[in-house]
Amino acid sequence: MKDSIIEIKNLNIEFSSENQKVVALEKINLDINKNEFICIMGVSGCGKTTLLNALAGFIQPTNGKILLKGNKIEGPGPDRAVVFQDDAVFPWLSVEDNIAYSHKIKSTYGDKEKELVKNYIKLVGLEDFKKAWPRQLSGGMRKRVDLARAFAAEPELLLMDEPFGALDIMTKEKLQEELRKFWVERPRTIVFITHDVEEAVFLGDKVIVMTPRPGRIDLIIEPNLSKNRNMSIKSDSVFFDNVKKIRQRIKDH
C-alpha cells in the first residue's frame, strides 16, 4: 500500500492585475507518495514554478487545496526545503556551516547533527573544502552545498526549481547522477521542476507533463528504469522511448 504524503485537490491559481486575469493552474489533482521522485515539466509558462511555489507555501490557491500529511499548506515551513536555480549558499558561512544551517538555527546542533553534517559533506565530496568560503568554490561545488544543505535539513518534502539549469552539460550530468545517488541512499519526497526532457526521464520515478497555460496535468509517465542508474542508461531503448513519447506529447500541444 502506498503512503500518500501530498494531496492536491482541484487546485486553481489565478493572478490578477488591473488590466487582466491570468489563469496559471487549472483543475490540478495529484497525489504524491512518500519518497517518490516526481519530475514536473512542460513548456515555459505552463505553471511548473507556480505549482512548486504553492507546494512551498509561497503562494495560496485561488480555489482548491494542497495537503501535506493531511494538513493544509498555508505558508512556508521547516517540513519543506527549496533548492532554486541560482545557488543560495550563504557567502558569509563556510561549506560546513552552510550545510549545518538548518540545525544551528533550531539550536539542535549536537553530536548527532554534527555527524549528519559530516556524512553529507562526505557524500558530496567536499571533505577537503569543509572550511572553504563559497567564493572559493566552483558553480558545481556551490550547487553540491545547496543539495547537501537541503537534504541535511531532513524535510518531509524537497522542492527543486530547475537547480541545474544554469550549469554546463558536463557538470549538470554529474550532479544529476549525484542527486539520484543522494535520493537512493537518503530517500526523500522530491518534486523537481525542469524543462529538460532527458533530465526528467533520468531523475524521475514519475514524470508529469503539463499543458501550456492554463497549466493542467496532461500526461503522467513512469519511466520504469533501474533504481541505481547512471548516465549509461541514456543508451537504453526504454530511456529513449520515454524521451520520444514526452517530446511528441509536448510538440502536439
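## Cavity, pocket, cores and sheet in a predicted model

About 30 Å³ of space lies in the largest cavity. The model is a predicted one. The count of cavities of 30 Å³ or more comes to one. Glu162, Phe164, Gly165, Lys172, Thr194, His195, Asp196 and Glu199 line the largest cavity. By class, this lining holds one nonpolar, three polar and four charged residues.

### The largest pocket

The largest pocket has a volume of about 580 Å³. It is lined by 23 residues, and Arg80, Ala81, Val82, Ser102 and Ala153 are the closest to its centre. Three elements each supply at least two lining residues: strand S6 (80–83), helix H3 (101–105) and helix H5 (139–152). Which element gives the most to this lining? S6 does, with four residues. The pocket lining divides into 15 nonpolar, two polar and six charged residues.

### Nonpolar cores

The largest nonpolar core has 50 residues. Ile99, Tyr120, Leu179, Ile190, Phe192 and Ile246 touch the most other members. H5 provides the largest share of this core, seven residues. Another core lies apart from it, with 26 residues, among them Ile6, Ile8, Leu25 and Ile28.

Beyond its neighbours within four places in sequence, Leu179 is in contact with Phe37, Leu147, Phe151, Met160, Phe164, Ile190, Phe192 and Leu203. Among these contacts, Ile190 and Phe192 are also listed with the core members that touch the most others. Phe164, another contact of Leu179, is one of the residues lining the largest cavity.

### The open sheet

Four strands form an open sheet in the order S2-S1-S4-S5, with antiparallel pairing. Its edge strands are S2 (21–33) and S5, each of which pairs on one side only. Strands of a sheet pair through backbone hydrogen bonds, either parallel or antiparallel.

Strand S1 (residues 4–16) and strand S4 (residues 63–68) are joined over five bridges. Within this pairing, Lys9 has Lys65 of S4 as its bridge partner. S4 also pairs with strand S5 (residues 71–72), over two bridges. Leu67 stands opposite Lys72 in S5, and Leu68 stands opposite Asn71.

S4 and S5 form a hairpin with two residues between them. Lys69 sits in the loop between these two strands. Lys69 is exposed, because its relative accessible area of 52% is over the 50% cut-off.

### Backbone points of note

| Residue | Phi | Location |
|---|---|---|
| Gly57 | near 90° | follows H1 |
| Lys69 | about 55° | loop between S4 and S5 |

Lys69 has its positive phi although it is not a glycine. Asn224 counts as exposed, at 65% relative accessibility.

The peptide bond from Arg213 to Pro214 is cis, with omega near 0°. Pro214 lies in the loop between strand S9 (206–210) and strand S10 (217–221).

Is helix H1 (residues 48–56) largely enclosed or open? H1 is largely enclosed by the rest of the structure, because eight of its nine residues are buried. The buried residues are Lys48, Thr50, Leu51, Leu52, Asn53, Ala54, Leu55 and Ala56.

Gly57 follows H1. Gly75 is found in the loop between S5 and S6. How far apart are Gly75 and Gly57 in space, C-alpha to C-alpha? The distance is 3.9 Å, although the two glycines are 18 residues apart in sequence. Gly75 counts as buried, because its 16% relative accessibility is under the 20% cut-off.

Setting aside neighbours within four places in sequence, Gly75 is in contact with Ala56, Gly57, Gln60 and Arg80. Two of these contacts lead back to features described above. Ala56 is one of the buried residues of H1. Arg80 is one of the residues closest to the centre of the largest pocket.

Terms used
Residues numbered from 1 in each chain as written. Predicted model: local features only at pLDDT ≥ 70, side-chain atom pairs only at ≥ 80, totals over all residues. Heavy atoms only, no water. 1 Å grid on protein atoms, 1.4 Å probe; cavity = no way out; pocket = protein on both sides within 12 Å on 5 of 7 lines; lining within 4 Å. Points joined across faces, edges and corners; volume = space filled by probe spheres on them. Nonpolar A, V, L, I, M, F, W, Y, C, P; charged D, E, K, R; others polar. Core = buried A, V, L, I, M, F, W, Y, C linked by side-chain atoms within 4.5 Å. Buried < 20%, exposed > 50% of the residue type's maximum accessible area, 1.4 Å probe, protein only. Contact = heavy atoms within 4.5 Å. Pairing = 2+ DSSP bridges.
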